[in-house]
Amino acid sequence: MAGTVTVVVGTQWGDEGKGKLVDLLSKEADLCMRFQGGGNAGHTVVNNYGEFKLHLVPCGIFNANCICVMGTGTVIDPQDLLAEMEAIASKGVSVEQLVISDRAHVVMPYHKLLDKVEDEARGAYRVETTGRGIGPAYTDKVGRIGIRFHDLLHEDILRAKLSAVIKKHNAILTHVYGQQPFDAEELIEAALAWGQQLKPRIVDTMPIVRAALQENKNVLLEGQLSAMKDIDWGSYPFVTSSSPTAAGASAGSGIPPRYINRVIGVAKAYSTQVGTGPMPTELHDEMGAHLRTLGGEFGATTGRPRRIGWFDAVVTRYVTEINGCTDLNITKLDVLDTLAEIPVCTGYRYKGELIEHLPDPVIHEKCEPVYEVLPGWQQSTEQAKTLADLPRNARNYLDRLAELVNVRIHSVGVGPNRDQTLMA
Ligand code: GDP
């Protein structure tokens, strides 16, 4: 795949298994970049170095020849990043090739506290965020009072910016939320220390990106969450504060849209969601609990049990359309191995009418799923090495999903290991 710019995005509500695919594809990548989000990601990778839950570091880190970039569109807690780098390095993985965009925003300690108290104050519209400060960091970015990584290297700029912003946040934290104020001097000192520790990695990423494109390198853009959590296109207000789409990949990485030639959507063979928001196929019964156990569906970042449902073709088709997906990676097929029958949601019923497109979240919340029930295969798929090894009903299931979503299958996951991926 010489000279390919590939974006990997989720097509449900996140946690589809993007980390595993990015790890696999990065064997042939020269550059791997996170373009949005921050430590609220939890990308699981299982390879010969062991099992990792990467929150910030791009999953391309396991290829020592791949430059890994925390892109301009990301928001990063420097302390968490340093801890994650240390944890990865302690397992024998080189983090030498990791760089951070000087334009990326810093998640500060006050963002984490604001995240918690502001989410509690949302009442019925609580997002159930991961509490990692992502939303408040983006709010400051859009409000033009954010601190960028470049600022960490310049005491005068940092001091001027932080002194102003801390006054505002302290007033809100103390008066509105009854919290203790932050000490500006302490924050400045901590921020300068992060800057010094990360200094060699804080770079202008444009020359790196430009060189990769000019030299026809393989570039991987690693998305987090999914368009269902997109600030514009997701189930607002139960969304994240950035754009985890192929368009967001272009904006957050600085790679012009015309260079992107492959967009791989990752879809679980069933559905899961963490946090609040509509989910018509959600299972509240024993089958939901059973699938949660079979699939190990507990959050990589929070440990929270994930909400479970059947595959929702309306959602995945919507997300693949928003992204212009060229390919589909279906994961966790093996989790369905024991089931006799597998329902797939092909549309919704709302006020007696059949809907086959994704409606506004207020309506989506009230939609009843319309199911087509497919026969299971009741046979293990974990040992399969190619798609041809799969039982006929498993092939039929995959083909039907691809047909409903209208995107060709790129690969299928039959286990958490890197090599449990069947290429189409
Ligand atoms: P991500 O954030 O999209 O990378 O997804 P997560 O890492 O949060 O969740 C995916 C989980 O499923 C992880 O525990 C993966 O190891 C696991 N996983 C990924 N693909 C497969 C698969 O094909 N089969 C099974 N059984 N597990 C998988």
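**Exercise 1.** Is Phe62 buried or exposed in this predicted model?

*Solution.* The relative accessible area of Phe62 is 7%. Buried means under 20% relative accessible area, so Phe62 is buried. By contrast, Tyr49 has 36% relative accessibility and counts as partly exposed.

**Exercise 2.** Describe the aromatic pair of Tyr49 and Phe62, and state which parts of the chain the pair ties together.

*Solution.* A search of the whole structure finds 5 aromatic pairs. In one of them, Tyr49 and Phe62 are 5.9 Å apart centre to centre, with 35° between the planes, and the pair is tilted. Tyr49 lies in the loop between strands E3 and E4, and Phe62 lies in the loop between E4 and E5; the pair therefore ties together parts that are 13 residues apart in sequence. Ring pairs also link Tyr49, Phe52 and Phe62 into a cluster. Over the face of Phe52 lies Lys91, at 4.7 Å from the ring centre.

**Exercise 3.** Determine which strands stand at the edges of the open sheet of 10 strands, and why one side of each lacks a neighbour.

*Solution.* The strand order is E9-E7-E5-E2-E10-E1-E11-E15-E19-E20, with mixed pairing. Strands E9 (202-203) and E20 (421-423) stand at the edges; each has a single partner strand, so one side of each is left without a neighbour in the sheet. For E20, 3 bridges join this strand to E19 (residues 409-413), and the two run antiparallel. Within this pairing, Ser411 stands opposite Met423 in E20.

Definitions and conventions
Residues are numbered from 1 along each chain as its sequence is written. This is a predicted model: local features need pLDDT of at least 70, side-chain atom pairs count only at pLDDT 80 or more; totals for chains, interfaces and linings use all residues. Side-chain values use heavy atoms; hydrogens and water are left out. Two strands pair if DSSP finds at least two bridges between them. Helices (H or I, at least four residues) and strands (E, at least two) are DSSP runs, numbered from the N terminus. Rings of Phe, Tyr and Trp (its six-membered ring) pair if their centres lie within 6.5 Å; planes under 30 degrees apart count as stacked, over 60 as edge-to-face and the rest as tilted. Buried means under 20% relative accessible area, exposed over 50%, partly exposed in between (1.4 Å probe, protein chains only). A charge sits over a ring if NZ of Lys or CZ of Arg is within 6 Å of the ring centre and within 35 degrees of the ring normal.
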